[in-house]
Amino acid sequence: TFMLYLPLTLAVAQAVLVRAGGRLWALPAPMVEQVQQVKAESLVNLYVAREVDWQGRTYPFHYLPRLLGDTSHNPETQRYNPVLLLRTGQGLAAVHVDDMVGNQEVVVKNIGPQLARVSGIAGATVLGNGEIVLIINPVQLAARTDVPGFDPNAEERVAAFLRASGAEARLEEIPAEVATAEAAADAVGCTLSQVVKSIVFLCDG
């Protein structure tokens with residue numbers, strides 16, 4: 001014989017599973033208004049504009065790992081790239097992910113007091129293969145003021161500046177993981193000024 005213990009309450013929810021930054025994430029399905037498949041050229045424009053306009057509403061645009069503080073992964077560009085338009089209450093956000101896994105009914109697990117107060121984390125679930133996946137609210141994460149952005153043209157602008165200044169050799173000093181023009185400027189010992197959306201580097205020489 002054996003004993004089977006069952007919880008008094010069991011929270012089951014529909015979630016959208018996505019892959020970004022090398023990990024799986026679950027998003028509450030009711031907040032997903034639309035999933036767009038964006039071409040690579042249009043995706044670059046979205047990163048430059050940092051917003052998506054849809055049906056008269058403006059959605060702040062982010063790469064999902066950036067919302068989670070991960071700056072080591074850069075967006076993967078494919079022929080068609082999934083962008084999710086999310087809405088909860090009055091909050092809006094558009095997030096780019098590397099891959100759409102699909103909808104799934106999940107059992108919501110309690111994440112404990114250590115993470116319960118962390119904004120943007122709604123819970124966790126365990127998939128059939130035993131993998132633990134966090135259930136996140138990107139709209140809450142996007143409301144923070146310290147979200148790092150991604151500049152798709154940073155490398156080209158830095159390269160053009162260094163060639164113009166006769167310092168092409170310093171291109172090799174820029175780490176591969178640099179994702180913004182600001183970080184690239186720091187890597188080569190420059191300061192960055194942005195005037196009327198034009199980036200000007202002021203270097204010592």
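1. The sheet. Five strands make up an open sheet in the order β3-β6-β7-β5-β4, with mixed pairing. Strands here are DSSP runs of E with at least two residues, helices are runs of H or I with at least four residues, and both are numbered from the N terminus. Two strands count as paired if DSSP finds at least two bridges between them. At the edges stand β3 (32-39) and β4 (51-54); each has a single partner strand, so one side of each is left without a neighbour in the sheet. From one strand to the next, the twist averages 30°. Angles run from 0 to 180 degrees between N-to-C directions, and axes are lines fitted to C-alpha atoms, for helices over the stretch in contact.

2. Basis of the values. This is a predicted model, in which local features need pLDDT of at least 70 and side-chain atom pairs count only at pLDDT 80 or more, while totals for chains, interfaces and linings use all residues. Residues are numbered from 1 along each chain as its sequence is written, and side-chain values use heavy atoms, with hydrogens and water left out.

3. The β5-β7 pair. Strand β5 (residues 57-63) pairs with β7 in the parallel sense, over three bridges. Tyrosine 63 stands opposite histidine 96 in β7.

4. Histidine 96. This residue lies in strand β7 (residues 91-96). Histidine 96 counts as buried because its relative accessibility is 0%; buried means under 20% relative accessible area, exposed over 50%, and partly exposed in between, with a 1.4 Å probe and protein chains only. Leaving aside residues up to four places away in sequence, histidine 96 touches Leu43, Tyr47, Phe61, His62, Tyr63, Leu64, Pro75, Glu76, Asn81, Pro82 and Val83. A contact requires heavy atoms within 4.5 Å.

5. Helix α1 on the sheet. Helix α1 (residues 40-49) packs on the sheet and touches β3, β4, β5, β6 (80-88) and β7. The direction of α1 makes about 120° with that of β3. Leu43, Leu46 and Tyr47 are buried in α1. Seen down the helix axis, the buried residues of α1 fall within an arc of 100°, so they line one face of the helix; the arc is that of the directions from the helix axis to the C-beta atoms. These buried residues pack against β3, β4, β5, β6 and β7.

6. The other face of α1. Turned away from the buried side is a face that carries the exposed residues Glu41 and Val48. Valine 48 counts as exposed because its relative accessibility is 51%. Valine 48 and phenylalanine 61 are 13 residues apart in sequence, and their C-alpha atoms are 9.6 Å apart in space.

7. The β9-β10 hairpin. Strands β9 (residues 121-126) and β10 (residues 132-136) run antiparallel and are joined by five bridges. Isoleucine 121 stands opposite isoleucine 136 in β10. The two strands form a hairpin with five residues between them, and glycine 130 in the turn has a positive phi of about 95°.

8. Whole chain. The chain has six helices and 12 strands. Of its 205 residues, 38% count as buried. Among contacts with a separation of 6 or more, 58% come from residues 24 or more positions apart. The chain exposes about 12200 Å², of which carbon and sulfur atoms supply 52%. Accessible areas come from the Shrake-Rupley method with a 1.4 Å probe; for residues, only the protein chains shown count as cover.
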